[in-house]
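Please work through the following exercises with the sequence and the model at hand. Each task is followed by a worked solution.

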Amino acid sequence: MSELLSAPVDGISGATAAELLPEETVRAIADEIWASFIGEDEVLVPLDGELPAETVSAWVGIDGPWRGRVVLTTSAGAAEELTRALLRGRAPAVLDAEDVEDGFGELANVLGGGLKALLPEASSLTLPMVGAQPPASGPDEHVVSSLWRGERVDVVICSVPLQR
């Protein structure tokens with residue numbers, strides 16, 4: 001039987017993803033990471049757009065008094081361009097799927113680490129995973145949508161059920 005974290009831990013018990021990591025906090029961390037890792041002139045515009053039919057997602061889990069997941073989702077083309085920007089001038093002319101998986105996964109890892117650092121208790125991150133479909137979200141799914149270079153980029157944060 002699955003249940004959300006329910007043991008009282010210094011104010012974390014029963015808190016939703018949106019309460020622990022509100023939209024303005026997620027945006028501030030994402031903006032810092034974009035400027036540092038993607039480029040100083042690169043910005044996330046807080047607007048909704050349409051996710052394409054085919055997307056790629058990268059995610060990390062947060063494990064501690066609050067268990068959750070941070071998922072970054074965009075188009076395959078945007079994931080490739082984000083990887084190219086992350087590699088700066090070291091990107092080969094043609095990125096293979098493994099390069100994109102590594103780069104996009106690293107971006108999710110850095111974003112997850114930045115958000116984890118804001119939690120009130122010590123936590124750890126899982127290794128990043130990348131795929132066409134992230135695992136199912138928890139009941140408190142919190143989506144922060146932005147546009148980057150005209151492409152929608154979603155950051156999804158949710159609690160992860162404990163397995164008992």
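The model is predicted: local features need pLDDT of at least 70, side-chain atom pairs count only at pLDDT 80 or more, and totals for chains, interfaces and linings use all residues. Residues are numbered from 1 along each chain as its sequence is written, and side-chain values use heavy atoms, with hydrogens and water left out.

**Exercise 1.** Describe how helices H2 and H4 cross.

*Solution.* Step one: helices are DSSP runs of H or I with at least four residues, and strands are runs of E with at least two, numbered from the N terminus. Step two: the axes of H2 (residues 23–38) and H4 (residues 97–116) come within 10 Å and cross at roughly 135°. Axes are lines fitted to C-alpha atoms over the stretch in contact, and angles run from 0 to 180 degrees between N-to-C directions. Step three: H2 and H4 are therefore oblique to each other, since angles under 35 degrees count as roughly parallel, over 145 as roughly antiparallel, 65 to 115 as roughly perpendicular and the rest as oblique.

**Exercise 2.** Characterise the surroundings of Ser 123.

*Solution.* Step one: Ser 123 lies in the loop between H4 and strand S4 (124–125). Step two: its relative accessible area is 19%, so Ser 123 is buried (under 20%; exposed is over 50%, partly exposed in between, with a 1.4 Å probe and protein chains only). Step three: beyond its neighbours within four places in sequence, Ser 123 is in contact (heavy atoms within 4.5 Å) with Ile 62, Asp 63, Gly 64, Pro 65 and Lys 116.

**Exercise 3.** Is Asp 31 buried or partly exposed?

*Solution.* Asp 31 is placed in helix H2. With 37% relative accessibility, Asp 31 counts as partly exposed.
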